[in-house]
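Here are my notes on this model, in the order I would read them with the structure open.

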Amino acid sequence: MTRNGHTVALFHWVPVLLLAAVSMALGGTKIPAIELEQAVRQFLDGQREGNSGHPEVTFRSVPDNIEITASAYHLHVAGDSRTEWKGAIAVRVDIEADGRIVHRCMVSVLIRTYADVLVAEKAIQRHAEPGPDDVRTLRLETTLIQRRVLIGSSSLEGLRSRQIIPRGSILYEDLFERIPMVQRGERVKVHVRSGAVMLYTEGIVQDDGDRGDLVTVELASRHDRIRGRIDGEKCVTVQVDVGKEKR
């Protein structure tokens with residue numbers, strides 16, 4: 001009798017369990033891989049806004065048919081501190097529903113980047129200012145390049161080479177520096193101030209420098225070397241202490 005009672009109770013609960021399972025199925029959702037791919041693509045497009053080039057994105061591993069109990073959901077791609085999104089990377093996607101994260105997964109992608117980079121057409125000497133005839137443009141894959149490259153001849157304006165650059169070398173940003181206001185070996189005007197008196201002469205500057213920097217100048221007339229401050233383009237001012245002169 002007891003056994004029959006348990007059997008009756010079991011059959012009593014079966015319809016309830018089936019109803020609960022059906023209800024869960026009706027209210028749940030399966031998220032296909034294509035939606036995860038679209039979310040990641042949109043995220044990557046946002047990361048490269050303002051950057052040149054069109055990367056080639058290949059999805060290597062994407063979860064498919066992720067089951068969640070909610071019918072409405074939102075996909076959020078988590079970013080990080082990286083400045084360049086290229087190479088083989090894993091991107092985390094959070095699935096949010098009812099104001100909370102209900103599932104997390106990783107999407108593996110390969111991002112190949114390309115750019116029209118500058119290459120030395122001929123050897124570039126140290127402290128040289130490359131012109132149009134010194135460089136050429138090549139379309140190259142930049143996926144594995146970690147250094148920043150110069151793109152477009154206009155990016156060379158106001159720059160000079162830090163070192164000798166061999167012919168055929170890719171022109172990276174760190175191979176160049178900004179041209180200083182005054183360069184070593186240049187002839188400059190020298191203004192010598194002594195109290196209310198101002199004298200003018202010329203000299204050869206012995207250092208590179210910008211406005212406000214102290215440099216050594218060899219006077220053209222006497223070949224004496226004095227220290228002065230750069231106060232303009234090819235202009236150095238020397239302040240003479242009158243009190244020290246009298247002593």
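1. Some conventions to begin with. Contact means heavy atoms within 4.5 Å. Axes are lines fitted to C-alpha atoms, for helices over the stretch in contact, and angles run from 0 to 180 degrees between N-to-C directions. Helices (H or I, at least four residues) and strands (E, at least two) are DSSP runs, numbered from the N terminus. This is a predicted model, in which local features need pLDDT of at least 70 and side-chain atom pairs count only at pLDDT 80 or more, while totals for chains, interfaces and linings use all residues. Residues are numbered from 1 along each chain as its sequence is written, and side-chain values use heavy atoms, with hydrogens and water left out.

2. The chain as a whole. Three helices and 15 strands make up the secondary structure of the chain. Of its 247 residues, 32% count as buried; buried means under 20% relative accessible area, exposed over 50%, and partly exposed in between (1.4 Å probe, protein chains only). If you take contacts between residues at least 6 apart in sequence, 54% of them join residues at least 24 apart.

3. The four-stranded sheet. An open sheet is formed by four strands in the order β2-β6-β5-β4, with antiparallel pairing; two strands pair if DSSP finds at least two bridges between them. The edges are held by β2 (56-61) and β4 (74-77), each with a single partner strand, so one side of each has no neighbour in the sheet. From one strand to the next, the twist averages 35°. Helix α2 (residues 33-47) lies across β2, β4, β5 (87-97) and β6, and runs at about 45° to β4.

4. β2 is joined to β6 (residues 100-112) by five bridges, and here valine 57 stands opposite isoleucine 111. Between β5 and β6 there are eleven bridges, with isoleucine 89 partnered by valine 109 of β6. β4 and β5 pair over four bridges, and histidine 74 stands opposite glutamate 96 in β5.

5. Most residues other than glycine have a negative phi, and most peptide bonds are trans. Where does aspartate 98 sit? Aspartate 98 is in the loop between β5 and β6, a hairpin with two residues between the strands. The phi of aspartate 98 is positive, at about 55°, although this residue is not a glycine. With 71% relative accessibility, aspartate 98 counts as exposed. Lysine 234 also has a positive phi, near 55°, and lies in the loop between β14 (225-232) and β15 (235-240). Lysine 234 is partly exposed, with a relative accessible area of 40%.

6. Strands β12, β13 and β14. Three bridges join β12 (197-205) to β13 in the antiparallel sense, and valine 205 stands opposite valine 217 in β13. β13 pairs with β14 over five antiparallel bridges, where the bridge partner of valine 217 is isoleucine 226. Five residues separate β13 and β14 in their hairpin, and histidine 223 in the turn has a positive phi of about 65°.

7. Aspartate 224. Is this residue buried, partly exposed or exposed? Aspartate 224 is partly exposed, with a relative accessible area of 31%. Aspartate 224 is placed in the loop between β13 (214-219) and β14. Leaving aside neighbours within four places in sequence, its contacts are Val217, Glu218 and Leu219. Glycine 203 is 21 residues away from aspartate 224 in sequence and 9.3 Å away in space, C-alpha to C-alpha.

8. The second largest pocket. On a 1 Å grid over the protein atoms alone, a pocket is an open set of points where a 1.4 Å probe fits, with protein on both sides within 12 Å along at least five of seven lines; lining residues have an atom within 4 Å of a point. About 170 Å³ of space lies in the second largest pocket, a volume being the space filled by probe spheres set on the points. Its lining includes Val192, Tyr200, Arg222, Asp224, Ile226 and Val238. β12 gives the most to this lining, with three residues, and β12 and β15 each supply at least two. By class, the lining residues divide into seven nonpolar, two polar and two charged. Ala, Val, Leu, Ile, Met, Phe, Trp, Tyr, Cys and Pro count as nonpolar, Asp, Glu, Lys and Arg as charged, and the others, Gly among them, as polar.
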